[in-house]
Amino acid sequence: MSERIPTTTLDTNENKIYTRRTQGLYQRLRRYTGMPLLLSYLLIPWLSINDRPAVLFDLTAQKFHILWMSFWPQDGILLAALLILAAFLLFIATILVGRVWCGFTCPQTVWTMIFMWAENKCEGDRNQRIKLDRQPWSFNKLLRKGAKHGIWLLISLTTGLTFVAYFYPVQELLVDVVSLQASAETYFWILFFVSFTYLNAGWLRESVCKHMCPYARFQSAMYDKDTMVVTYDAERGNPRGGQKGDCVDCSWCVQVCPVDIDIRDGLQYACIDCGLCVDACNNVMDKVGYSRGLIRFTSQHAIETGRIQLIRPRLVAYIVSAVIMTGLFSYTVATRSPVSLDVVRDRGTHLFHTVRDGVENVYTVKINNMGTIDQTFTLSVEGQHRYILKGHHQVTVHPGEVYVLPARIWRAQDEQAKPLDILDFVVKSTTNPNIFARQKASFIAPAKVASTQR
Ligand code: SF4
Ligand code: SF4
């Protein structure tokens, strides 16, 4: 079993875990999946398209820029659809191969992996770390611990700054932060994410997976008998019929486990399917000359029957749903009009103005250019009766700009119209008639005008 040393940690219910480093296929896979994700996270804020950050969540302007597209609060439904789609993809992965998201790609796992790498570099391997912790404080211990925490803080600072850079253009952010020109909120959020990273990846580690992550709680409900998870082959490993089993009880599988469980006790909710115990056990099997795979990714069904069944009705249903949702989402994004129109009646005035030859209503029109180039739009009104838009009605709107235009609509007094009528505001690009938006609004006339007309 893993050697535990009682220490004061932030999680008072847990003792400190000293994990052993191991080598093997799954350790490499974790590196190859985690590192590109980490690098993407760090580099994306530095990318720009058309002199604009490639990804920027501009909360002040209430718009999100993702690659060449801009999204406004009214596109929230797309964000919701994207999150639902991501959840379905996660369900598919979980039904197929258990908690691989947790073991290979979850930010908690990736950052913990980097923090553990720094710990290993500064304090040595598992036995050296145990020894160091048992030693009284000395210059060597202070130096090693100081270096480790220094590196952890540096990684946390980079993480915190990068996170805020998704909401604040990165060059401006760095200049403002260094020159102390950034707002108090900016410093607060940087500090918040620095502390969050330092505590989660440095101190809490597996406690987050075991006690704080909600996904850990319900993922077992998605498993079935064919879900491929890290499994100990008890039939092969345990002693049977007077014969020794293949397990040599070296406890390496426990020593490498980041959540400190013994996979030989069977499937446990805390297991994140990282495969490190598979690597460790395979290395032991190689050493003692037994065949690999005493611990392996397999399913309960495969252990019982020797057959792996990938295609199952529930999985097919999830895949079909995900494909349909991806199609609908892509179609919606691809055909999304690059202009939107918002018309509100002017609340600062009366419902209508009676003028000498007719009635006028006043509106505020907001034209939102969601495209990537300047557009000149013409505003017009359509309705059952003859409505005239007064004032200028052609405007040029820059990409990402919301142009606010007051609009005065006139209707003749002698119209055979109801006191309350509905008309359409239409905004159309002068260069591309396919770029247009339309919105309904009410037109209110005095009852006596309508009654004199009847
Ligand atoms: S039991 Fe194995 S697969 Fe599960 S978390 Fe521990 S090391 Fe990873
Ligand atoms: S690593 Fe393999 S051999 Fe060693 S205790 Fe674990 S299951 Fe047994």
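Visitor: Which residue stands opposite L379 in β15?

Guide: L379 faces V427 there. This is a predicted model, in which local features need pLDDT of at least 70, side-chain atom pairs count only at pLDDT 80 or more, and totals for chains, interfaces and linings use all residues. Residues are numbered from 1 along each chain as its sequence is written, while chains are lettered from A and ligands numbered from 1 in the order in which they are written.

Visitor: How many bridges join β11 and β15?

Guide: Strands are DSSP runs of E, at least two residues, numbered from the N terminus, and two of them pair if DSSP finds at least two bridges between them. Here, β11 (residues 375-383) and β15 (residues 420-429) share seven, in the antiparallel sense. β11 also pairs antiparallel with β13 (residues 394-397) over four bridges, where F377 stands opposite V395.

Visitor: In what order do the strands of the open sheet run?

Guide: The order of the four is β13-β11-β15-β16, with antiparallel pairing. β13 and β16 (436-444) are the edges: each has a single partner strand, so one side of each lacks a neighbour in the sheet. β16 joins β15 through nine antiparallel bridges, and L423 has A441 of β16 as its bridge partner.

Visitor: Which residues are closest to ligand 1?

Guide: A residue counts as near if its C-beta atom, placed from the backbone, lies within 6 Å. Ligand 1 is surrounded by 14 residues, the closest being V230, C257, C271, C274 and C277.
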